[in-house]
Amino acid sequence: MRVLYVTSECYPMVKTGGLADVSAALPPALNAAGADVRLLLPGYPAVLNGLSNLHEVGELITDLPGCDRARLRIGRTADGVLAYALDAPSLYDRPGNPYLGPDGQDWPDNALRFAALAWAAAGFASDDSYDPWWRPDVLHGHDWQAGLIPAYLELRPDRFAGAVRPGTVLTIHNIAYQGNFGPWMLGDLGLPSSSFRIDGVEYYGNVSFLKAGCYYADRLTTVSPTYANEIQTAEHGTGLQGLLATRSDVLTGILNGVDYAVWDPATDPHIPARYTPDDLGGKDACKADLQSAFGLDRRPDAPLAAVVSRLTWHKGLDLVLEAAAQWIAWGGQLVVLGSGDPASEAGFRHLAQWHPQSVGVRIGYDEPLSHRIQAGADLFLVPSRSEPCGLTQLYALKYGTLPLVRRTGGLADTVIDANPAASADGSATGFQFVNATGQELVWALRRALTVYRKPERWQAMQRRAMTRDFGWHGPAEEYMELYRGLGR
Ligand code: ADP
Ligand code: GLC
């Protein structure tokens with residue numbers, strides 16, 4: 001089973017969120033399950049520098065303005081996965097964030113940048129493909145950046161008519177990011193005007209890459225079973241719920257996994273002391289280290305809650321700002337690592353200024369620090385309004401840092417609330433609340449505090465959380481099943 005895995009992020013080369021972690025860990029897991037997966041990535045500087053043994057395999061010729069010619073190179077990731085890089089300097093040779101310019105706004109040519117990526121992927125399906133020895137059976141795209149792949153195969157048989165058409169899969173990591181562009185882009189994107197209709201690429205008067213993928217892909221997946229249902233509702237479907245409901249027979253939710261080679265407190269090189277479910281002792285040293293790093297009072301008995309997150313509205317961190325005063329009044333501490341909305345950044349900065357012994361805030365992106373926080377905190381807060389899967393709560397479980405989450409998407413599927421039944425049968429691994437209000441978060445914090453004050457009960461929950469297995473083996477098997485179902 002040859003699979004071309006098309007993604008705009010891959011840890012550690014380029015990461016803005018969970019997609020990068022998934023793209024680093026799922027392909028090796030699929031290869032271990034018997035697939036032959038190769039990546040296709042935009043040739044950002046970090047990708048061209050990050051792949052080893054890079055050499056040219058072909059040339060890409062597109063109809064797209066600014067990308068009539070580009071080179072396709074192949075190399076290996078640090079994990080040994082073969083990866084193609086689309087080397088088009090006019091599109092990708094830019095520093096920093098893969099989507100935003102230095103002004104913090106989307107690059108104005110993002111439509112063309114990711115249309116080129118999809119065009120390159122579709123090129124693997126044409127008769128004069130780049131590599132006659134490696135023709136993919138499946139083109140597996142991720143998020144809107146890969147959304148046009150199945151549209152090109154369907155709408156441009158003049159360019160992508162192959163002897164055997166590969167199956168197409170689109171994975172939606174977050175339906176809120178859609179890649180919508182003005183209708184005048186249609187021609188530049190190489191899409192026929194006949195495709196600009198509701199049964200096509202049109203979405204509320206724009207061209208939508210995600211809608212195109214949802215409409216034309218053979219199979220759709222998203223990253224948790226609950227989110228697969230949620231995106232078929234008006235509350236979470238962002239206008240695509242009708243289309244997704246009509247495609248529910250080909251839409252599945254496959255939960256993300258964790259790369260335990262990177263996220264494991266027994267081996268993590270970023271944390272000051274290591275620990276296991278059988279010997280939690282090192283976690284105390286990690287907590288003391290974290291309190292020092294953020295200038296908090298070094299009180300071992302102070303319950304320490306943490307956030308590591310993009311600061312965007314859907315992450316619900318305004319609820320943490322609302323609940324913070326009560327948490328601090330109860331003797332709680334809080335550390336926050338994140339960046340994003342300026343108002344949210346300012347809110348957390350102010351909170352830390354007012355309560356320097358209890359609240360520590362780091363605005364920015366810091367991978368090693370995120371590990372130290374996972375290890376040093378007691379509680380990990382993920383109050384998202386929507387969360388397709390969420391990875392940080394899975395990391396928190398492994399680090400014995402009990403997650404406190406809003407019951408939505410993958411958070412609902414992975415954290416077992418310490419309600420009376422789950423506490424009695426010993427299955428609880430964290431805390432959930434239902435409505436996105438500061439008051440409900442306060443109540444959930446109160447419940448967590450009650451358990452925290454009973455160390456035996458708390459440690460039993462920590463051990464249970466740490467031994468839950470969210471490795472990639474199971475999800476990889478589910479993807480294999482899906483690929484086989486395409487009959488290629
Ligand atoms: P999303 O992809 O929606 O941002 P996930 O929970 O799936 O949410 O993944 C977020 C990933 O990004 C995790 O690996 C998390 O540790 C990381 N992350 C988020 N913000 C930061 C930050 N400020 N510094 C370091 N890592 C971060
Ligand atoms: C998206 C989602 C997040 C998910 C990640 C990886 O960024 O917001 O919930 O874990 O993709 O699939």
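How do the residues of the shell around ligand 2 divide into nonpolar, polar and charged? I counted 6 nonpolar, 5 polar and 1 charged. For the classes I took Ala, Val, Leu, Ile, Met, Phe, Trp, Tyr, Cys and Pro as nonpolar, Asp, Glu, Lys and Arg as charged, and the others, Gly among them, as polar.

**Conventions**

I note that this is a predicted model, in which local features need pLDDT of at least 70 and side-chain atom pairs count only at pLDDT 80 or more, while totals for chains, interfaces and linings use all residues. Residues are numbered from 1 along each chain as its sequence is written, chains are lettered from A and ligands numbered from 1 in the order in which they are written, and side-chain values use heavy atoms, with hydrogens and water left out.

**Domains**

I looked up the division of the protein chain and found domain 1 (2-257 + 472-485) and domain 2 (281-466); the bounds come from an automatic or database domain assignment. Their C-alpha centres lie 33 Å apart. I then listed contacts (heavy atoms within 4.5 Å), and 19 residues of domain 1 touch 19 residues of domain 2 in this sense. The two domains bury about 1,400 Å² between them, with 54% of it on carbon and sulfur atoms. Buried area here is the accessible area (1.4 Å probe) that two parts lose on being put together, summed over both.

**Ligand 2**

I returned to the shell around ligand 2, where a residue is included if one of its heavy atoms lies within 4 Å of the molecule. Among its members are Gly-18, Leu-19, Val-22, Asn-174, Val-223, Glu-387, Cys-389 and Leu-391. Ligand 2 lies between domain 1 and domain 2, because both give residues to this shell.

I next looked for polar contacts, pairs of N or O atoms within 3.5 Å; within protein, one must be able to donate a hydrogen and the other to accept it, and residues adjacent in sequence count only if both atoms are side-chain atoms. A polar side-chain atom of His-173 is 2.6 Å from an oxygen atom of ligand 2, and one of Asn-256 is 2.8 Å from an oxygen atom of ligand 2. From Pro-388, a backbone N or O atom lies 3.5 Å from an oxygen atom of the ligand. Ligand 2 has 310 Å² of accessible area on its own, and the protein covers 93% of this. Accessible areas come from the Shrake-Rupley method with a 1.4 Å probe; for residues, only the protein chains shown count as cover.

**Ligand 1**

I found 19 residues around ligand 1, the closest being Lys-15, Gly-18, Asp-21, Arg-310 and Gly-364. By class, the shell holds 5 nonpolar, 8 polar and 6 charged residues. Domain 1 and domain 2 each supply at least three residues to it.

An N or O atom in the side chain of Lys-15 is 2.8 Å from an oxygen atom of ligand 1. Backbone N or O atoms also approach oxygen atoms of ligand 1, at 2.9 Å for Leu-391 and at 3.4 Å for Thr-392. Ligand 1 taken alone exposes 560 Å², of which the protein buries 93%.

I then asked which elements give two or more residues to this shell. They are α1 (18-32), β13 (304-311), β14 (333-340) and α14 (392-398), and β13 contributes the largest share, 3 residues. Helices (H or I, at least four residues) and strands (E, at least two) are DSSP runs, numbered from the N terminus.

**Backbone**

Most residues other than glycine have a negative phi, and most peptide bonds are trans. I noted a cis peptide bond from Tyr-11 to Pro-12, with omega near 0 degrees; Pro-12 is in the loop between β1 (2-6) and α1. Asn-53 has a positive phi, near 50 degrees, and lies in strand β3 (residues 52-61).
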